Amino acid sequence: MSPAIVLHPEQTKRENEQAFMYEKGVKNLYDTGIQHVPNKYILPTNERPFSSSSSANRTSSENQIQIPVIDFAQLQGPNRAKVLRSLAHACEKFGFFQLVNHGIDEKVIAQMVDVGRRFFEMPLAEREKYMSADTKAPVRYGTSFNQTNDGVFCWRDFLKLVSHPLPEVLHHWPSSPQDFRRSGVTYAKETRKLFLKLVEAVLQSLGLQTDDVNTEDFENGSQLMVVNCYPPCPEPDLTLGMPPHSDYGFLTLLLQDEVKGLQILHQDNWVTVLPVPGSFVVNVGDHLEIFSNGRYKSVLHRVLVNSSKNRISVASLHSFPFTTTVRPAARLINDSNPRRYKDTDFATFLRYITSYDSKRKNFLESRKILT
């Protein structure tokens, strides 16, 4: 029998203090002036952003990509058929595209990034009012990716806001900064309208007809906004802002500031998506891959951090209502393209993410029908 391991009270106290500090987030760590990344954030060598030990980890500062650009204004005009073909190509081959000329006022976008940045600049005592381990909470401030289960933490803090229906959740939203709710509500409403127009185009690009889907499922669908903060990191080569993951949902509309960091896995290489001012990065979510029976791809992506610049992004994740069962569209299933995915719902997803750490998060794989 192995001898019992006795922890010295001072060691136990120190470990508890460290755990408590990590739970407060990386913005708090950065504000303390740390010079080195704590062990809690250091990835194994083969999982670090510039590792060359496996093909899926190959990357370099020179690997940058211009993902397909979809001109939303053209999508609304006489060139719609041509743009729909470009949209289908982007969703099939990249899982991502840049959306330009989308019609949302530049002021609305700038105010959302600005108020998000100012939220994370508030004292910790103000931010931590919204800390919660409840994944169903309408507002949740947290750190890492899945801080309850993550063995290694990510260099990221976040504020998650359930954004539909607004009258039911708005009173939970932060009241500071003073203009947070006003800017957030305007942004949420505008991105929701844009999403609904994009859905029409996506369905049409798949060759679906109006009777193939219940449009009320989108009109009454879920919307979750996530404001992400990636503070400067003293040793960015040792960690990630977010680990490789795909998005649960139908479509994600991502607003980036001018600091690059988003990478997608394309042709077995990690490539950096360069920010385009005023545009949205739109990506296919797990629900759309399931709904399209695998034609459109929900692609793995991750976030790099840097040593000198704070990075803010705002992700608006849209999908069916939380209670809806998601399955492949019947018209997209036939003898040559049999059903590839099981039914799924939000409860199944929550059970999955609460039982796995971020290194094993691949919910979509768990829904595939093995043949």
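A helix crossing is left-handed if the near helix is turned anticlockwise from the far one by less than a right angle, and right-handed if clockwise. In this predicted model, the crossing of α5 and α8 is left-handed.

**Sheet**
- The strand order is β2-β3-β11-β8-β13-β6-β5-β4, and the pairing is mixed.
- β2 (69-71) and β4 (139-143) are the edge strands; each has a single partner, so one side of each lacks a neighbour in the sheet.
- On average, neighbouring strands are turned by 25° against each other, direction ignored.
- β8 (residues 251-256) pairs with β11 (residues 280-284) in the antiparallel sense over four bridges.
- In this pair of strands, Leu 253 is opposite Val 282 of β11.

**Helices on the sheet**

**Helix pair α5/α8**
- The two helices pack at an angle of about 135°, and their axes are 9 Å apart.
- α5 is therefore oblique to α8.
- From α5, the contact uses Val 108, Gln 111, Met 112, Val 115 and Phe 119.
- From α8, the contact uses Phe 180, Ser 183, Gly 184, Thr 186, Tyr 187 and Glu 190.
- By class, this contact has six nonpolar, four polar and one charged residues.

Note on methods:
Residues are numbered from 1 along each chain as its sequence is written. This is a predicted model: local features need pLDDT of at least 70, side-chain atom pairs count only at pLDDT 80 or more; totals for chains, interfaces and linings use all residues. Side-chain values use heavy atoms; hydrogens and water are left out. Two strands pair if DSSP finds at least two bridges between them. Axes are lines fitted to C-alpha atoms, for helices over the stretch in contact, and angles run from 0 to 180 degrees between N-to-C directions. Angles under 35 degrees count as roughly parallel, over 145 as roughly antiparallel, 65 to 115 as roughly perpendicular and the rest as oblique. Contact means heavy atoms within 4.5 Å. Ala, Val, Leu, Ile, Met, Phe, Trp, Tyr, Cys and Pro count as nonpolar, Asp, Glu, Lys and Arg as charged, and the others, Gly among them, as polar.
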